[in-house]
Amino acid sequence: MLQRIQIDRSVGEMARNNIADVRKVQERLNELLDPDRPQLVPDGINGPNTKDLIGDFQKKVVGFANPDRRVDPVGRTISALNDIASREKWKNDPDGPGTWEPDWPEPSKSIDFDKLPKIPVIGPLDHKSGFDSFPPPAQILGPDDFSATAARDGAWIMVPLDAEREVQLGVDPSQPVQILNNGIDENGIVSSFTKEPLLRATFKEDRLKLKGLSPCKCCRLDILQNDRHLRIYVSVKPRRVIPIFVFHVQHGPAMKSRVSSSELRTILKIANSEILTPQCNIEIDLKGEKDLSHKDTGKHLGRVVTRDSLDPENDEWKYLAPFLIDRSFPQPHGAKEVKTVNIFIVREMDTIVEGQKKPFGVRGAMNAHQHAVPMCLLDDRSIGRLTKVDAVARTLAHELGHLLIGALYTHDHDIHQPASHNHYSDALMLGGGSGKKIYRVEIEVMNPTKHKPPPLKI
């Protein structure tokens, strides 16, 4: 008796050729084949030998005058493959045994990916960042030039742990696509050397579907179709939370920060949903807020709060520092606890640094080294009763970016430290800019993951 096989998609000539379906057909053909004939390599790859053997089976067992070399989920060919009588019919083959090589050569030994034409990358279907279609060296923040096209070899995407993203590629949906990786199985599960599932990679038409299963850094996939190639790196990021406490600072009588509590929540929503979460899987979590009066500080701060790193006597941050809240909060997925980031929203601010003769206005500043807990000042960016919530959200994400890159998390030895500011015009970390994009190397240090996941618990 034969155990009945079922396939989800067609296999063979002009078929969808899912790896698991192809392997089922290959193994069944080998079961029914005369032992004196060389068997197929059951590698799940639809090559010429597999299609030829399907055609031979259709002609001599099913009785097709013109075999289409294709097995459909329902039809005469799949029925014959599930019939034990087919073995004897095929055994009475008047033709002698043939010889062939495996359908597809071993990729690591026989395919030079660098010489193959490239499959273009159209981009993520969610239209969010956390994606680069060029592979910059780890020590630089962005592409070498702005004329780089999607056809360049390489792409990188951040996929949140336990979530899915889809990338549209310039492939032919009617032709089979192969995904190659040393640890990938017939279901598209990519595993580590410890057999821990890292991600699932499957194709649906022209879309590469990716689901993060375990934290990993730069898991490499090679995509092949019709002798074209694309290499894509997938970084699966666990969720990280930045706990913050916000102070609405009163500079003096009738000079309180003009950002309301409802506007603050809008600012946090923008910073999370449009910048940090889709690109880094990082979330700002408001733990509390408080009004800080000029009587509390014991100082009329004037209209502008001045930060003077050269003269502690004139540095007005010292009047706010005593109110820092020093609390630690646990992180998801077993990461180290982190301390509350204290955000002080002021009317206006300026700073004096070495090399500057006069103070100059800034929109935000972070100080994570002078105090035991992180301290950040934000300009409220208000005109009359109108608060530029989008601009404040970018500034907040920018300053937290400095903190994440520099102080909040410990870095592995293999991570290159980015520069303080990114010089590309679309970058979030551009000094004083209006961009929202966080580049690959910044993402890797803001939410770092190791090359190798922790060993399996047995």
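Q: Which residues do ring pairs link into a cluster?
A: Let's start with the ground rules: this is a predicted model, where local features need pLDDT of at least 70, side-chain atom pairs count only at pLDDT 80 or more, and totals for chains, interfaces and linings use all residues. Residues are numbered from 1 along each chain as its sequence is written, and side-chain values use heavy atoms, with hydrogens and water left out. Rings of Phe, Tyr and Trp (its six-membered ring) pair if their centres lie within 6.5 Å; planes under 30 degrees apart are stacked, over 60 edge-to-face, and the rest tilted. The cluster joined by such pairs is Phe245, Phe247 and Phe344.

Q: How many aromatic pairs does a search of the whole structure find, and what kind do Phe57 and Trp90 form?
A: The search finds three aromatic pairs.

Q: Is Thr306 buried or exposed?
A: Buried means under 20% relative accessible area, exposed over 50%, and partly exposed in between (1.4 Å probe, protein chains only). Thr306 has a relative accessible area of 17%, so Thr306 is buried.

Q: Which ring does Lys437 lie over?
A: A charge sits over a ring if NZ of Lys or CZ of Arg is within 6 Å of the ring centre and within 35 degrees of the ring normal. At 4.9 Å from the ring centre, Lys437 lies over the face of Tyr439.
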